[in-house]
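Colleague: I am new to reading models like this one. Could you take me through it?

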Amino acid sequence: MIETAAEFVQLTAPEQVSGSLVEELASCWVEVTNAGGAAGFPFPPVDLAQTVSAVEVLVEALAPETSRLLVVHVEGELAGWLNVRRDPFELVRHWGTVHHVQTRPAVRGRGLGMQLMREVRTLARKEMGLEQLHLAARAGVGLEEFYGRLGWKEVGRWPGALRLGPDDDRDEVLMLLSPL
């Protein structure tokens, strides 16, 4: 695997996200989902209208203390993105959750997913003041191994929590990265 030179941009407020970026994020989500990716839409195919609506909800919730988008560009093109969130409630505000991790299928195998996950770890620790990160991953697609190589530990499972189709129930794998 050859790591690719990438430019990371962090977005912390709705006004930082242009309409064209919303379209790019949504287009990436369509590509990832329709290629079988486990990034939040369980039943491909999805279309741009579905993903644009979901991206708009994420964008409207952006706030420096509680929700950020991390996007990665390669040669000026959107290559992937994720969302990191934290609950502001004092009891749990020391940890955050990573959502919708995705890289475009055309750029897979170049180390961008690993770079994206390393970057969110740094962002979470240095800029959001988080001490740990959580994520939930769909079992059966190799995500446990991917995240495991980056230091994440499986801490539990919800057996059969995700119903992808008749006779296709999957575990939801709960993962933790701590310390950051």
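Modeller: A definition to start: a salt bridge is a side-chain nitrogen of Lys or Arg within 4 Å of a carboxyl oxygen of Asp or Glu. This is a predicted model, in which local features need pLDDT of at least 70, side-chain atom pairs count only at pLDDT 80 or more, and totals for chains, interfaces and linings use all residues. Residues are numbered from 1 along each chain as its sequence is written, and side-chain values use heavy atoms, with hydrogens and water left out.

Colleague: Which residue forms a salt bridge with Arg86?

Modeller: The structure holds nine salt bridges. In the one formed by Arg86, the closest N and O atoms are 3.8 Å apart, and the partner is Glu65.

Colleague: Why does that pair tie together parts that are apart in sequence?

Modeller: Helices (H or I, at least four residues) and strands (E, at least two) are DSSP runs, numbered from the N terminus. Arg86 lies in strand β3, but Glu65 lies in the loop between α2 and β2, so the parts they tie together are apart in sequence by 21 residues.

Colleague: In what order do the strands of the sheet run?

Modeller: Two strands pair if DSSP finds at least two bridges between them. Seven strands form an open sheet with mixed pairing. β1 (7–11) and β6 (153–165) are the edge strands, each pairing on one side only. The order is β1-β2-β3-β4-β5-β7-β6.

Colleague: In the hairpin of β6 and β7, which residue takes a positive phi?

Modeller: β6 and β7 (residues 168–177) pair in the antiparallel sense over eight bridges. Gly165 stands opposite Asp168 in β7. The hairpin has two residues between the strands, and the one with a positive phi near 60° is Asp167.

Colleague: Which element gives the most to the lining of the largest pocket?

Modeller: A pocket is an open set of points on a 1 Å grid over the protein atoms alone, where a 1.4 Å probe fits, with protein on both sides within 12 Å along at least five of seven lines; lining residues have an atom within 4 Å of a point. The largest pocket is lined by 38 residues. Elements giving two or more residues include α3 (112–127) and β5 (132–138). With seven residues, the element that gives the most is β4.

Colleague: How many residues of the lining of the largest pocket are nonpolar?

Modeller: Ala, Val, Leu, Ile, Met, Phe, Trp, Tyr, Cys and Pro count as nonpolar, Asp, Glu, Lys and Arg as charged, and the others, Gly among them, as polar. Ala38 and Val101 are among the residues nearest the pocket's centre. The lining has 12 polar and seven charged residues, and the nonpolar ones number 19.
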